[in-house]
Amino acid sequence: MRNTGRRRLELTRVASLGFTALAALVFLGMLVLFGVESLPVWRHLGLGYVTGTRWFFRVHEFGILPMVYGTLAVSAVALLVAVPLGVGTAFFTAEVLPRRARRTVKAAVELLAGVPSVIYGLLGVLLLRDFVVKLLAHWDPLSGDTLLTGGLLLAVMIVPTVMTLADDALSGVPADHRMAARALGLTRAETALQVAARQALPGLVSAALLGLGRALGETIAVFLVIGRQDNQWPERLLSVQPLANAGQTLTTKLGGSETFIAYGDPLHWGAIMGLGLVLFVVVTAVSLAGASLVTWGGDRA
Amino acid sequence: MLRTGQRLLLTAGLILAAAAALTAAGAPLRVNGSTTVNPVVAEASDLLRAERGLTIQVDTQGGSSGGMAALGEGRAEVAMVSRPLNPEDQTHYPKAHFVATRIGLDGVALVVSADVWKGGVRSLTKAQVRGLYEGKVKNWKEVGGPDRRVVFFNKEAGRGTWEVFAHWLYGDPKAAPLVTLPEVGSNEEGRSKVSATPGSISQLSAAWADGKRIFAVGIRQDDGRVLLPTPAAILNGTYPLSRPLMMVTDGPPQGAAKILIDLLMSPRGQALVKKNGYEPAAVGEHAK
C-alpha cells in the first residue's frame, strides 16, 4: 500500500516536472522563433526599428514608436478607469457584502470576463464611438475611432479581471487581523482601509498588473474602434489631443491585413515578427511582475 | 535561418490543421479571402452542408491577398479573390499553379455618408478623388459639398477593393503615394463606419452601397459624363472600377473544391451571386 502511494507520488512529481519543463521550453522556443524571424529588421534598422516614427512598408520604412505609444496610451486609459472601479467593487464585495452575496456578485463579474472580446468590440462600435465623439467635442475628433475609445473599451474589458483578483487579495487577509483591529476600536471602514488594504496591497497591485497584461495583449476589440491609423506620433506626449485622434497599437497592427502581405518579403516579415517580439517581451514582463507580487503577498499573509 | 523558422511555423500550422481535421467529420474544405465574395460562398456552402454533408470552413482573414497567402501556404484549398490576379501572387509562391474561376463581377464604389450626399456631392472627378485620398482636399465644400471636414476611411492594403482603387487612380498599386489614413478592413466594417461618421468617404463594394445610409457617388469624366456603378455599367465594363469575383485554386479544382465551384457556376449558384447584388459571371467582359 505504502509503496504504491509513494510510486504514485513519484510519478506525479516526474510528470509535473516534465510538463513544467515542456511549458518553459515552448516559451523559450517562441522567444527564439520571434527573435530569429525578426532578425532581418534588426540587422537592417537596428535600434531605429524601435525609435522610428514612420511605418511605410512599401518603401521599407519600419518605425514602431507610434504603435508603442498607442499601446501605452490605451493601456493607461484602461488602467485609470478600471483600477478605481475594479478595486472599489472589490472593497464592496470583500468588506461589505455578506459571504453568500459576495459569491453571487463575484460569479456574475467573472462571467463578464468570459465574454468573447469581439462582442465587446462590436458593442464598442455600436455604443462607444458616438459617446466618445460627444465627450471629446472640445478636441474635435475626426471620427469616433480614437485612442480614447480603445482605452475605454479596454477598461470595460479588464474591470472584471481587476475586480475579481482584488477581491481575492482582500478576502485573503486573515480574519484574526480584522477581529484584532475591531477589538482595538477601529471602525469597519478603518479596518478595511487601513488594515485589510495595507495587507492586501501587493495583491491589489498585482490585480492591476494582470489587468494591464490583458489590456496590452487584447486585439480584436481595440482593432474595431481605434481607427488603425499609422504614424500617429504626437507632438506633445502629455496632452489629451492625441487621445482624440485615431491610432494604432502593436496588436491592432498585427491583427491587420499587413501580416498576410508581409510573407515572402524577409524585411517586412521581420518587421511584423519584431512587433510580436516586442509585444511578447512587454506582456511577459508585466505578467511576471504581477505574478511575483502575488507570491510575495502570499508569503507575507 | 529564416527558411527553417518559416518551415517550423508551417509545421506547427499543419499539425494544428491536422488536429482540426481529425476532430471534424472528414477533412474540411477551407476557403479564405475576400469579404466581398464571402456572402455568396457562405450561402453556397450552407447548401452543400445541408444537401451533401460536406464540411466547409469559410474565413475572411486579410481579404483577397490574405486568401491568396492562405492558398499559397496550404492553409486553405480555395481563395476568394475580388481583384484580378497580379504577378506578385505567382512570384510569392512559385511552386503553386493558381487557377482562377470567375464566378461574378462587381464594381468598387466610392461611398460617402448621408450628410455628404445630401449636401450635394453626387459625383467626383479622378483629380478630386486623388485630392481627397492624398489629404489635399480637407473640406467637402472644396468639391461642392457641405462645410464639413473630410474623413477618408482607407481600405487596408492587400484588400482587393484597395488594389482595384489604387490601380484605377495611380495605374499601379505600387505607385500609390504613401498616405496615413484611418483604415477599415471588411465590407461590414467599412459600411458601418461610413454610415455612422459624418463627412466620411471610403472605397466599398458597389453591391454594399444601399443608397439609404451610404451612397455611391459617380465618377465624372472630363467630358462631363458621370459613370455610376450600375449593373449594366459593371457588366459592359464602362464603369472604370469593375472587377472580377473569383475562386482560386492551386491546380484545377478537385474534390470538394470542385463541387463548390461547380455549384457557384450553376444557375443556382449564379442566382446567389445576383441575390447578393453582384453581376453573374456568364456574361460581360473580364474587367481588368
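D140(A) is exposed in this predicted model. Within 10 Å of its C-beta atom lie 10 others. The cut-off for an exposed residue is 12 or fewer, so D140(A), with 10, falls in that class.

N231(A) belongs to the loop between helix 9 (220–225) and helix 10 (250–255) of chain A. Its surroundings hold 19 C-beta neighbours inside 10 Å. A buried residue needs 20 or more, and an exposed one has 12 or fewer. N231(A), with 19, therefore counts as partly exposed.

In chain B, attention turns to strand 1 (residues 29–33). This strand is mostly covered, with five of its five residues buried. L29(B), V31(B) and G33(B) point one way from the strand. R30(B) and N32(B) point the other way. The charged residue R30(B) is thus among the buried positions of strand 1.

Strand 1 of chain B has two pairings to describe. With strand 2 (residues 56–59) of chain B, the pairing is parallel and spans four bridges. Within it, V31(B) stands opposite V58(B) of strand 2. With strand 3 of chain B, strand 1 also runs parallel, and three bridges join the two. Here G33(B) has M80(B) as its bridge partner.

Strand 3 (residues 78–81) of chain B has buried residues pointing both ways. V78(B) and M80(B) point one way, while A79(B) and V81(B) point the other. Strand 3 pairs in turn with strand 11 (residues 242–250) of chain B. This pairing is antiparallel and has four bridges. In strand 11, the residue opposite A79(B) is V248(B).

A helix pair in chain B was examined next. The axes of helix 2 (residues 38–52) and helix 11 (residues 267–275) of chain B come within 9 Å. They cross at roughly 140°. Angles over 145 degrees would count as roughly antiparallel. The two helices are therefore oblique to each other. Their crossing is right-handed. From helix 2, V40(B), E43(B) and A44(B) take part in the contact. From helix 11, they meet G269(B), L272(B) and V273(B). By class, the residues of this contact are four nonpolar, one polar and one charged.

The two chains also touch each other. Chain B gives 27 residues to the contact, and chain A gives 28. On the side of chain B that touches chain A, helix 1 (2–23), helix 3 (63–73) and helix 8 (187–196) each supply at least two residues. Helix 3 of chain B makes the largest contribution, with four residues. The side of chain B that touches chain A comprises ten nonpolar, twelve polar and five charged residues.

Definitions and conventions: Residues are numbered from 1 along each chain as its sequence is written. Chains are lettered from A and ligands numbered from 1 in the order in which they are written. This is a predicted model: local features need pLDDT of at least 70, side-chain atom pairs count only at pLDDT 80 or more; totals for chains, interfaces and linings use all residues. Axes are lines fitted to C-alpha atoms, for helices over the stretch in contact, and angles run from 0 to 180 degrees between N-to-C directions. Angles under 35 degrees count as roughly parallel, over 145 as roughly antiparallel, 65 to 115 as roughly perpendicular and the rest as oblique. A crossing is left-handed if the near helix is turned anticlockwise from the far one by less than a right angle, and right-handed if clockwise. Two residues are in contact if their C-beta atoms, placed from the backbone, lie within 7 Å. Two strands pair if DSSP finds at least two bridges between them.
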